[in-house]
Amino acid sequence: MTARKPTMADVARRAGVSLKTVSRVVNQEPHVRASLQQRVRAAISALGYRRNEAAARLARGATMLTLGLVMENISNEFYARLAAAVEAAAAEHEALVVFGSYEESPDKERMLIESMAARGVDSLIVVPSAADHGWLAEHASLRMVFVDRVPRGLAAADVVVLDDERGGRAATEHLLARGHRRVALISDDDGLSSVHDRAAGYRAALAAAGLPADERLVVHGVFDPCRVAEEVSRLLDLADPPTAFFAANNRAAIGILRALRERPERPAYVGFDDFALADVFSPGVTVVRYDVPLLARTAVDLLLRPPEDTSRLVKVPVELVPRGSGELPPP
C-alpha cells in the first residue's frame with residue numbers, strides 16, 4: 001500500500017506551530033520569526049513534505065501549473081524515457097507537461113521555447129542544443145532548468161547533468177583492464193557538454209594508463225547509427241585497428257552492433273546509455289547506466305523550488321553494468 005503523503009497539518013504538529021504559520025513559511029510570506037521558520041523547515045525536511053503546487057496556484061486564483069519539456073528528439077529512447085519520467089515527477093505536483101522536439105535544429109529549439117513562453121507555460125525543462133543560448137536573457141522571467149547538458153552562452157543557469165566524465169573514464173578503464181591498448185571513441189557533437197565530458201573521461205583514463213590518445217581512433221559528429229556503422233568499419237580496416245570501442249551514447253552503441261553483423265572481428269565495446277534489448281544480444285552490451293527517473297525528478301524539484309541567488313549544478317551518478325561485450329579480450 002502506498003504511504004500517505006505528509007500534509008501541512010503534519011508539519012504543524014511536528015513543529016509545534018499553527019497551520020497558518022506553516023502556510024506562511026511555505027509560501028515565503030514575510031514577518032515570521034526566524035526561530036519559527038527554522039522549526040517549520042526542520043519539520044518539512046524530516047517529513048519529506050512537498051507543497052501541492054497546483055493547489056497553491058488555484059488558491060491564488062491562478063491556472064493549473066504547466067511545465068514545458070524541450071528535447072532534441074523524442075524518437076530516441078533516452079528522450080522517450082526522460083519524457084515519461086518528467087511527466088511522472090510533475091504528476092507528484094499535480095502539474096501538466098507539454099513536450100516539444102527540436103530534432104537537432106537550434107532554430108526550432110528557439111521557436112519551441114518562445115512559443116511555450118508566449119502560451120503561458122510556467123516553467124521549462126530544456127535539453128539544450130550545442131548552439132549559443134545567450135538569447136535566453138530576453139526571457140529572464142521564465143523559470144528554466146537545463147538537463148543532460150550545460151547550455152552555452154549563459155553566465156548562470158540551473159543544470160542537472162549526469163556524471164559524464166566519470167562515466168567516460170569508467171568505460172575506458174574497464175576496457176583497458178581487459179588488456180586493450182587501442183580503444184576507439186565514437187560520439188556526436190563535441191560542442192555538447194555531455195559529449196565533451198565523456199570524451200574527457202576517455203582521455204583521462206588513457207593518460208592514467210600511460211597511453212597517448214590516437215586521434216585516428218576518435219570520431220566526433222556522428223549522429224545516425226548507419227553512419228556510425230560506416231565509421232566502425234573504416235576503423236576496423238586500418239592497418240593497426242582498434243580492439244575496443246567506447247560508444248558515447250546509445251545511437252553509437254547500436255551503430256557498432258550494426259557494423260559487427262557484417263564483420264568477422266569481435267572487438268570489445270562499452271556504451272554510454274542503457275537501451276532496450278541491450279541484455280538480449282550475445283554477448284550482452286556492457287553499458288554505463290544511470291537512473292532516468294532520478295534525473296527527471298531532480299530537474300522537476302529544482303524547477304519548483306524557490307529560486308536562489310546563485311545557479312545550481314547537480315550531478316546524477318552513473319554506474320557501469322558488465323554484460324559481456326566490454327569483457328571480451330584483445331585478439
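I began with Glu 231, which counts as buried at 13% relative accessibility (buried means under 20% relative accessible area, exposed over 50%, partly exposed in between, with a 1.4 Å probe and protein chains only). Before going on, I noted that this is a predicted model, where local features need pLDDT of at least 70 and side-chain atom pairs count only at pLDDT 80 or more, while totals for chains, interfaces and linings use all residues. Residues are numbered from 1 along each chain as its sequence is written, and side-chain values use heavy atoms, with hydrogens and water left out.

**Entry: around Glu 231**

I placed Glu 231 in helix α9, residues 225–236 (helices are DSSP runs of H or I with at least four residues, strands runs of E with at least two, numbered from the N terminus). Not counting residues up to four places away in sequence, Glu 231 touches Val 219 and Val 222 (contact means heavy atoms within 4.5 Å).

**Entry: the whole chain**

I found eleven helices and twelve strands. Of the 331 residues, 50% count as buried. The C-alpha atoms fill a box of roughly 75 × 40 × 35 Å along the principal axes. Among contacts with a separation of 6 or more, 66% come from residues 24 or more positions apart.

**Entry: the sheet**

Next I traced an open sheet of six strands, in the order β7-β6-β8-β9-β10-β12 and with mixed pairing (two strands pair if DSSP finds at least two bridges between them). β7 (218–219) and β12 (318–321) each have a single partner strand, so one side of each is left without a neighbour in the sheet.

I then went through β6, residues 183–186, which runs parallel to β8 and is joined to it by four bridges. Two bridges join β6 to β7, again parallel. Leu 185 stands opposite Val 218 in β7 and has Phe 246 as its bridge partner in β8. Ile 186 pairs with Val 219 in β7 and with Ala 247 in β8. Val 183 and Leu 185 point one way from β6, Ala 184 and Ile 186 the other, and all are buried. From β6 the chain crosses through helix α8 (residues 193–208) to β7, in a right-handed β-α-β crossover (right-handed if, with the strands pointing away from the viewer, the path from the first strand over the helix to the second runs clockwise).

β8 (residues 244–247) is covered on both faces: Ala 244 and Phe 246 are buried on one side, Phe 245 and Ala 247 on the other. Four bridges join β8 to β9 (residues 268–272), and the two run parallel. Phe 245 stands opposite Tyr 269 in β9. With helix α10 (residues 250–261), β8 and β9 make a right-handed β-α-β unit.

**Entry: the aromatic rings**

I counted three aromatic pairs (rings of Phe, Tyr and Trp, with its six-membered ring, pair if their centres lie within 6.5 Å; planes under 30 degrees apart count as stacked, over 60 as edge-to-face and the rest as tilted). Phe 78 and Tyr 79 are edge-to-face, 5.0 Å centre to centre and with 65° between the planes. Phe 78 is buried at 6% relative accessibility, and Tyr 79 is buried at 3%. The centres of Phe 78 and Tyr 290 are 6.1 Å apart and their planes lie at 75°, so this pair is edge-to-face. Phe 78 lies in helix α5 (residues 77–91) and Tyr 290 in strand β10 (residues 286–290), so the pair ties together parts that are 212 residues apart in sequence. Tyr 290 is buried, with a relative accessible area of 8%.

Phe 78, Tyr 79, Phe 272 and Tyr 290 form one aromatic cluster. I also noted the charged end of Arg 198 over the ring of Phe 272, 3.7 Å from its centre (a charge sits over a ring if NZ of Lys or CZ of Arg is within 6 Å of the ring centre and within 35 degrees of the ring normal).

**Entry: the cores**

Last, I looked at the largest nonpolar core, which has 49 residues (a core is a set of buried Ala, Val, Leu, Ile, Met, Phe, Trp, Tyr and Cys residues joined through side-chain atoms within 4.5 Å). Leu 67, Leu 82, Val 86, Ile 125 and Leu 295 have the most contacts inside it. Leaving aside neighbours within four places in sequence, Ile 125 is in contact with residues including Val 86, Val 145, Val 147 and Leu 303. A second, separate core of 24 residues includes Val 219, Ala 252, Ala 278 and Val 287.
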